[in-house]
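Work through the exercises below with the model open beside you. Try each task before you read its solution.

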Amino acid sequence: MTTTQTMRAWRTHHYGKPLEALHLDTVAIPEPNPGELRVKVQAFTLNLNDLERISGGNMMVEPELPYSPGMEVMGIVDATGEGLENWIGKRVVATTAGAHGGYAQYAICPPVSAFELPDTVELPVAAAVYFPYHLAWLGLCDRAELQASETVLITAAAGGSGSAAIQLAKNIGATVIALSGSADKVATCKKLGADHSLDYTEDDWPARVLEITGKRGVEVVFDNVGEAVMEQCMNCIAYNGRYLMMGFASNKVVADEKFIIPRRLTMGNFRLCGVLLAYTDPAMSDFLKDAMGWNLSPQTLGQSIHDSVMDLLKNGRINPLIGQVVAFDQVPQAIQAMADRNTVGRSVVIVD
């Protein structure tokens, strides 16, 4: 338990650009409610979803201003709600409650989305390994069931989950076609192990994908970008292939609009797979199914994925791509660089 009463936290007071909207405040340290963990944050990573909490973009639930963005933290559990005392002292990576509150020295997290980290995994890697590898695993292994004989097209391949997907796909033995937006990022993808690395701003990349695959197309599309490349990606899918809807980086607004054309799917003869990184327990799973018709991944699957990822990391089979490591005071500049698409891989913030 901490003996201090306040902490520093970056908070959004009004929506806008990071350099204008984020303010470094001194606020009360939050207390965990029943069923919650409090993490003394050692580091956190920046995610595209955090930008919506700063700019006021598309959000499923909009918190009341002011609040801290930040959906992913790494640190030590220092307090818990009743019945979770066995978590105290554990070193974890975790999703924050409500997918915000992580840009702070302490954060509240649900145990269902918290996973232990061995002391042998040092910073900044310890903060960078959770979201991209869990998300890439859910897509490639759980949804697509990618096989060694298959080819996968990965968009935004120099980003967090894209770079993780390259490494996981190569561990499976698949052929990887990486798609990114600059010469430097193309080179980065090659270094990560991509068999083919294309620049979507210069190459006629759909034609190149079909050429590489002998006009057959790829078995799996791992698409982080969404609307801007969706039609072209669908044109590149082989018969009975799988399109993984991993994200909407080009336009999050369409996440809540009707923009998929049914005939396009029937003529393509491929499978459309939704992928969401959100773990839940059986009781909440039943509630969400009854109330919303949603299917979230069980915590047991999350733990299985985490164990597998830790094993790959231990054996040097994966290595998180870390583009920038910054101090806590540099958060606005770091997230602005992400907004401007001037980053690769993960951006890690070290908390004093």
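Helices (H or I, at least four residues) and strands (E, at least two) are DSSP runs, numbered from the N terminus. This is a predicted model: local features need pLDDT of at least 70, side-chain atom pairs count only at pLDDT 80 or more, and totals for chains, interfaces and linings use all residues. Residues are numbered from 1 along each chain as its sequence is written, and side-chain values use heavy atoms, with hydrogens and water left out.

**Exercise 1. Strand E5**

Task: Decide whether E5 is enclosed or open, and name its partner strands.

Solution. 
- Step 1. Buried means under 20% relative accessible area, exposed over 50%, partly exposed in between (1.4 Å probe, protein chains only).
- Step 2. Apply it. Five of the five residues of E5 are buried, so the strand is largely enclosed by the rest of the structure.
- Step 3. Recall the rule for a regular strand: side chains alternate between the two faces of the sheet.
- Step 4. Sort the residues by side. Arg91, Val93 and Thr95 are on one side of E5, Val92 and Ala94 on the other, and both faces are covered.
- Step 5. Look for partners. Two strands pair if DSSP finds at least two bridges between them.
- Step 6. Strand E4 (residues 72-80) pairs with E5 in the antiparallel sense, over five bridges. Here Gly75 has Val92 as its bridge partner.
- Step 7. Strand E7 (residues 114-116) is joined to E5 by three bridges and runs antiparallel to it. Here Val92 has Glu116 as its bridge partner.

**Exercise 2. Aromatic rings**

Task: Classify the pairs Phe44 with Tyr103 and Tyr130 with Phe131.

Solution. 
- Step 1. Set the cut-offs. Rings of Phe, Tyr and Trp (its six-membered ring) pair if their centres lie within 6.5 Å; planes under 30 degrees apart count as stacked, over 60 as edge-to-face and the rest as tilted.
- Step 2. The structure holds six aromatic pairs. Phe44 and Tyr103 form one that is stacked, at 4.9 Å centre to centre and 15 degrees between the planes.
- Step 3. Check burial. Phe44 is buried at 1%, and Tyr103 is buried at 0%.
- Step 4. Take Tyr130 and Phe131. Their ring centres are 4.8 Å apart and their planes at 80 degrees, so the pair is edge-to-face. Tyr130 is buried at 1%, and Phe131 is buried at 9%.
- Step 5. Widen the view. Trp10, Phe44, Tyr103 and Phe328 form one aromatic cluster.

**Exercise 3. Positive phi**

Task: Are Ala99 and Glu145 buried, partly exposed or exposed?

Solution. 
- Step 1. Ala99 lies in the loop between E5 and E6. Its phi is near 60 degrees, a positive value in a residue other than glycine.
- Step 2. Ala99 is at 24% relative accessibility, so it counts as partly exposed.
- Step 3. Glu145 is in the loop between helix H4 (130-143) and strand E8 (151-154). Its phi is positive too, near 50 degrees.
- Step 4. Glu145 is at 52% relative accessibility, so it counts as exposed.
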